[in-house]
Amino acid sequence: MKLGRLAAVLAAALVFASMPATAQITLRPAYGENTLLGPLKAHGAVIWNHGRSVDSEDSEAPTPLYMRTFREAGWDVFRVDRMRASDTLPNSSRALAGYSDSLKTRGYRQVVLTGQSFGAFISLMAAGQTDRVDAVVGTAPAAYGNFTEAYDSYRENAGQLWPILRNVRSARVMLFFFHGDDFDPGGRGEPARGILAARGLDHLVVDQPAQLVGHGAANTGLFVRRFAGCIVRFAEAPPRAGDPPCDESWGRTPSNELLQAALPGSASAGGSQATSMIRPFVGLWYGTYINGREVALAVDGTDGDSITADYVLGPGVDPEQKFERVRRKGRIENGELVFDENGRNVLRYRLRPDGRMTATWLDKGGKGRLDTVLRLVN
């Protein structure tokens, strides 16, 4: 490194180090000042708290998709951005508790903290430092590394979570633990329920929900579809008997729009080898992608040497993700049903022993991939 560059870096580091911790931990509107309703009109204030990375500033991470549901429900949505240099559990939780007190003082009827990973830890800790937090929603709570890079410490993501839960003063607590999360030592669902029940705190613990896999599962469209409504209900009031199930039914059966567009025609009836090979694929197959879109493949037979099907996508959680229906022609290749027409995204399907079908979508430019499992509807 050149001396001039080194001097500049050192000077910046000295200035940064001299800043008070609170100056490096800032509260701001998640969607801009003009989106705020104010304490008198909003249902409440909700603060999202990002995770923490070793080699990047997570303050640059986008606000997760499910937070839009709060805004649509009439909440003022904030986020706390934390610079890594001061982002420790004590510093950040103390600052977050202070911001929670400030929002209540400004007149917000409810203050809810949401957080991912490290952000979930500090949200729970802040709820142990003030009585002015009404609810906490924590997804994939972690602060001690993962199995791969921090094997000696990652079990503390469980061990240190228990005393934090025992210290929550009065907030109701909602937690999500995901299958295949490299930061999760496993088995955290039942102990968390037991601690919160013993403390007499209203709570919901969602442990390893189906199809949502990995540390970042809460950032997906599928998470929004299935849990965003439940999260907002929990933020607004304690759970009550008769509430709708938290794990929404979305994606379990095809929507009417998708079903009407995807109903297959009659399969070709012939004795050729091609027809015999395709017969197990014929019908309407249905599932969902992790991005929160329904998907259907309606295989209706053969057209000469080609296999014909309608590929249907439901609308996504982003407005630009519109309903789609396209006619595709494919072939059987090494036991797989493959659609790879020129200029189109590649679709690959393989039958499973359990009667379902694995489905893979590949971007034609090689920039993306989606995998899911479809079931036969008819």
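**Disulfide, pocket and aromatic contacts in a predicted model**

One disulfide is counted in the structure, a disulfide being a pair of cysteine sulfur atoms within 2.5 Å. The model is predicted: local features need pLDDT of at least 70, side-chain atom pairs count only at pLDDT 80 or more, and totals for chains, interfaces and linings use all residues. Residues are numbered from 1 along each chain as its sequence is written, and side-chain values use heavy atoms, with hydrogens and water left out.

The disulfide joins Cys 230 to Cys 246, with an S to S distance of 2.2 Å. Such a link is a covalent bond between the sulfur atoms of two cysteines. The torsion about the S-S bond of Cys 230 and Cys 246 is about -105°, so this disulfide is left-handed. Cys 230 lies in helix H8 (residues 221-236), and Cys 246 lies in the loop between H8 and helix H9 (256-262), so the pair ties together parts that are 16 residues apart in sequence. Helices (H or I, at least four residues) and strands (E, at least two) are DSSP runs, numbered from the N terminus. Cys 230 is buried, at 4% relative accessible area. Cys 246 is also buried, at 15%. Buried means under 20% relative accessible area, exposed over 50%, and partly exposed in between (1.4 Å probe, protein chains only).

An α-helix has 3.6 residues a turn, so residues three or four places apart point the same way. Phe 223 is buried at 0% relative accessibility, and Phe 227 is buried at 1%. The structure holds 13 aromatic pairs. Their ring centres (Phe, Tyr, and Trp by its six-membered ring) lie within 6.5 Å; planes under 30 degrees apart count as stacked, over 60 as edge-to-face, and the rest as tilted. The rings of Phe 223 and Phe 227 have centres 5.5 Å apart and planes at 40°, so this pair is tilted.

Another ring contact involves a charge. Arg 71 lies over the face of Tyr 31, at 4.3 Å from the ring centre. A charge sits over a ring if NZ of Lys or CZ of Arg is within 6 Å of the ring centre and within 35 degrees of the ring normal.

The largest pocket holds about 610 Å³ of space. Rolling a probe the size of a water molecule over the atoms shows where empty space is left. On a 1 Å grid over the protein atoms alone, a pocket is an open set of points where a 1.4 Å probe fits, with protein on both sides within 12 Å along at least five of seven lines; lining residues have an atom within 4 Å of a point. Grid points are joined across faces, edges and corners, and the volume is the space filled by probe spheres set on the points. The lining counts 27 residues. Nearest the pocket centre are Arg 52, Ser 53, Asp 58, Ser 117 and His 215. By class, the lining has twelve nonpolar, eleven polar and four charged residues. Ala, Val, Leu, Ile, Met, Phe, Trp, Tyr, Cys and Pro count as nonpolar, Asp, Glu, Lys and Arg as charged, and the others, Gly among them, as polar.

Ser 117 lies in the loop between strand E4 (111-116) and helix H4 (118-126), and is buried at 8% relative accessibility. Gln 208 likewise has a positive phi, near 55°. Gln 208 is found in the loop between strand E7 (203-207) and H8. At 42% relative accessibility, Gln 208 is partly exposed.

Helix H4 is mostly covered, with nine of its nine residues buried. Among them are Phe 118, Phe 121 and Leu 124. Leu 124 has 0% relative accessibility.

Thr 26 lies in strand E1 (residues 25-29) and is partly exposed, at 33% relative accessibility. Its C-alpha is separated by 9.1 Å from that of Leu 96, 70 residues apart along the chain. Leu 347, in strand E13 (residues 346-351), is buried at 1% relative accessibility. The C-alpha atoms of Leu 347 and Leu 370 are separated by 9.8 Å, at 23 residues apart along the chain.
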